[in-house]
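Hello,

Here is the structure I promised to hand over. Please look through it first; my notes follow.

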Amino acid sequence: MATDNSQVLKIERVFAELLEELEKQPVSKQKALEMQHLFLHTMEKTYRVSGSSINHEDDAKGNQEIALDMEKLLRQHKSFSVKNLPDKAINWAAGLAYSGVGLLFITVGFLAIVTPTSAEFEIATLFYFNDHDGFTVLDAFALVIIFIGIFFFIKAFVAQDKKE
C-alpha cells in the first residue's frame with residue numbers, strides 16, 4: 001500500500017508541475033485540446049472496465065467517477081485570462097482602442113470649432129479676422145484636442161508596427 005501511495009503522490013506532483021508549466025507558458029488552443037483529448041482517452045482506457053469483468057460493477061462505477069473527476073479538474077484549469085491571449089490580439093485591440101480614441105478626439109475638436117456658440121462660451125477672442133469673427137480661446141482648446149487625437153491615432157499604428 002505504501003508503494004501505491006508514493007506512486008499516487010508522485011503522479012500528483014508531476015501533474016501539479018505540468019499545470020504550473022502550462023500557466024507559465026500557455027500553449028495554443030489546438031494543442032491544449034489535443035493534450036486534453038489524449039489525457040482523457042488515457043484515463044478512460046486505463047480505468048474502463050472491459051467486457052470480461054462484468055461482475056465488478058463497483059470498480060466500474062469507481063473508475064467512471066475517477067474519469068469524471070479528472071475531466072472536471074481539467075475543465076477548472078481551462079480558465080480564460082488575458083495572459084493566454086496571443087500578443088498579436090492584444091496589440092490589435094490596443095491599436096483599435098488608440099485609433100478609436102484618436103478619431104473621437106479629432107471629431108470633438110472639429111465640432112467645437114464648427115459649431116456656433118454664444119460669446120460667453122467662447123471666453124475671449126485672441127485676435128480678430130473682422131469685426132464679427134476671430135480666433136477664440138475655445139478654438140485654441142479645440143486645436144489642442146485635435147492634436148491630441150492625431151497623436152493617439154498615429155500612436156495606434158506606430159505601436160502596432162513596433163510590436164509585430
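**The strand pair**

Phe 127 stands opposite Phe 135, a residue of strand 2. Strand 1 (residues 125-128) and strand 2 (residues 134-136) pair in the antiparallel sense, over three bridges. Pairing here requires at least two bridges found by DSSP between the two strands. A hairpin of five residues joins strand 1 to strand 2.

**Ground rules**

This is a predicted model: local features need pLDDT of at least 70, side-chain atom pairs count only at pLDDT 80 or more, and totals for chains, interfaces and linings use all residues. Residues are numbered from 1 along each chain as its sequence is written, and side-chain values use heavy atoms, with hydrogens and water left out.

**Overall layout**

The protein has five helices and two strands. From the N terminus, the order is α-α-α-α-β-β-α. Helices (H or I, at least four residues) and strands (E, at least two) are DSSP runs, numbered from the N terminus. Of the 164 residues, 16% are buried. Buried means under 20% relative accessible area, exposed over 50%, and partly exposed in between (1.4 Å probe, protein chains only).

Among contacts with a separation of 6 or more, 62% link residues 24 or more positions apart. A contact means heavy atoms within 4.5 Å.

**Two residues to check**

Gly 102 sits in helix 4 (residues 87-114). It counts as buried because its relative accessibility is 0%. Gly 102 touches Gly 149, Phe 152 and Phe 153, leaving aside residues up to four places away in sequence. Gly 102 and Phe 152 are 50 residues apart in sequence, yet 4.7 Å apart in space, C-alpha to C-alpha.

Ile 123 lies in the loop between helix 4 and strand 1. Its phi is positive, about 70°, although it is not a glycine. Most residues other than glycine have a negative phi. Ile 123 is exposed, at 58% relative accessible area.

**The second largest pocket**

Its volume is about 380 Å³. Of its 14 lining residues, the closest to the centre are Ile 11, Phe 39, Met 43, Tyr 47 and Met 70. Helix 1 (2-24), helix 2 (29-47) and helix 3 (57-76) each give two or more residues to the lining. Helix 1 gives the most, with six.

A pocket is an open set of points on a 1 Å grid over the protein atoms alone, where a 1.4 Å probe fits, with protein on both sides within 12 Å along at least five of seven lines; lining residues have an atom within 4 Å of a point. The volume is the space filled by probe spheres set on the points, which are joined across faces, edges and corners.

Best wishes
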